[in-house]
Amino acid sequence: MTMTPMRQLMGEVLRTRRLAQGLTLRDLSSKALVSLSYISEIERGQKEPSSELLAALAEALEIPWSNVLLQVSALLELDEAAELATVAELSASDVAMSAA
């Protein structure tokens, strides 16, 4: 199991917040003055935009940049916990096979 890239988690948070506000990509593009296609790529985790651009998207969504970062951090923590659980399961399985 591999961890989810940070850019993908950031995209998930931004997309979730945009949809929760009932905004289309076009709406956000107009508010943030960022191209619709670029926002779409960010939301799909295909681009690693600058922190300035991400802050502009957060401002256009009328949410604090720190809140976006906290949400990404929480998702990253869940992803890391799942990764650690998988590693622990694999290790326990290896030990059991070695003992047999």
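Glutamate 43 has a relative accessibility of 4% and therefore counts as buried, where buried means under 20% relative accessible area, exposed means over 50% and partly exposed is in between, using a 1.4 Å probe and protein chains only. This glutamate is found in helix H3. Skipping its neighbours within four places in sequence, glutamate 43 is in contact with Gly11, Glu12, Leu14, Arg15, Arg18, Leu25 and Leu28; contact here means heavy atoms within 4.5 Å.

A word on where this comes from: the model is predicted, local features need pLDDT of at least 70, side-chain atom pairs count only at pLDDT 80 or more, and totals for chains, interfaces and linings use all residues. Residues are numbered from 1 along each chain as its sequence is written, and side-chain values use heavy atoms, with hydrogens and water left out.

**The overall picture**

The chain has 5 helices and 0 strands, and reading along the sequence gives the pattern α-α-α-α-α. Helices (H or I, at least four residues) and strands (E, at least two) are DSSP runs, numbered from the N terminus. Of the 100 residues in the chain, 29% are buried. Take the contacts between residues at least 6 apart in sequence: 67% of them join residues at least 24 apart.

**Helix H1**

Helix H1 covers residues 6-20, which is 15 residues. From first C-alpha to last, H1 reaches 21 Å, close to the 21 Å expected at 1.5 Å a residue; the expected span is 1.5 Å times one less than the number of residues. Its buried residues are Leu9, Met10, Gly11, Val13, Leu14 and Arg18. Among these, Gly11, Leu14 and Arg18 also turn up in the contact list of glutamate 43. After H1 comes glycine 22, with a positive phi near 70°.

Two packed helices are described by the angle between their axes and the distance between the axes. The axes are lines fitted to C-alpha atoms, for helices over the stretch in contact, and the angles run from 0 to 180 degrees between N-to-C directions.

Start with helix H2 (residues 25-32) and helix H3 (residues 36-43): their axes come within 9 Å and cross at roughly 110°. That makes H2 roughly perpendicular to H3, given that angles under 35 degrees count as roughly parallel, over 145 as roughly antiparallel, 65 to 115 as roughly perpendicular and the rest as oblique. The crossing of H2 and H3 is right-handed; the label is left-handed if the near helix is turned anticlockwise from the far one by less than a right angle, and right-handed if clockwise. On the H2 side the residues involved are Leu25, Arg26, Leu28 and Ser29, and they meet Leu36, Ile39, Ser40 and Glu43 in H3. Sorted by class, this contact has 4 nonpolar, 2 polar and 2 charged residues. For the classes, Ala, Val, Leu, Ile, Met, Phe, Trp, Tyr, Cys and Pro count as nonpolar, Asp, Glu, Lys and Arg as charged, and the others, Gly among them, as polar.

Now for H2 against helix H4 (residues 51-60): these axes come within 9 Å and cross at roughly 110°. H2 is therefore roughly perpendicular to H4, and H2 passes H4 in a right-handed crossing. Leu28, Lys31 and Ala32 of H2 make the contact with Ala56, Leu57 and Ala60 of H4. By class, the contact of H2 with H4 has 5 nonpolar, no polar and 1 charged residues.

| Residue | Relative accessibility | Class |
|---|---|---|
| Serine 30 | 52% | exposed |
| Leucine 33 | 75% | exposed |
| Glutamate 62 | 65% | exposed |
| Glutamate 80 | 35% | partly exposed |

Serine 30 lies in helix H2. Serine 30 and alanine 60 are 30 residues apart in sequence, with 8.9 Å between their C-alpha atoms. Leucine 33 sits in the loop between H2 and H3, and its phi is near 60°, a positive value in a residue other than glycine. Glutamate 62 is in the loop between H4 and helix H5 (65-99); although not a glycine, glutamate 62 has a positive phi of about 60°. Glutamate 80 belongs to helix H5.
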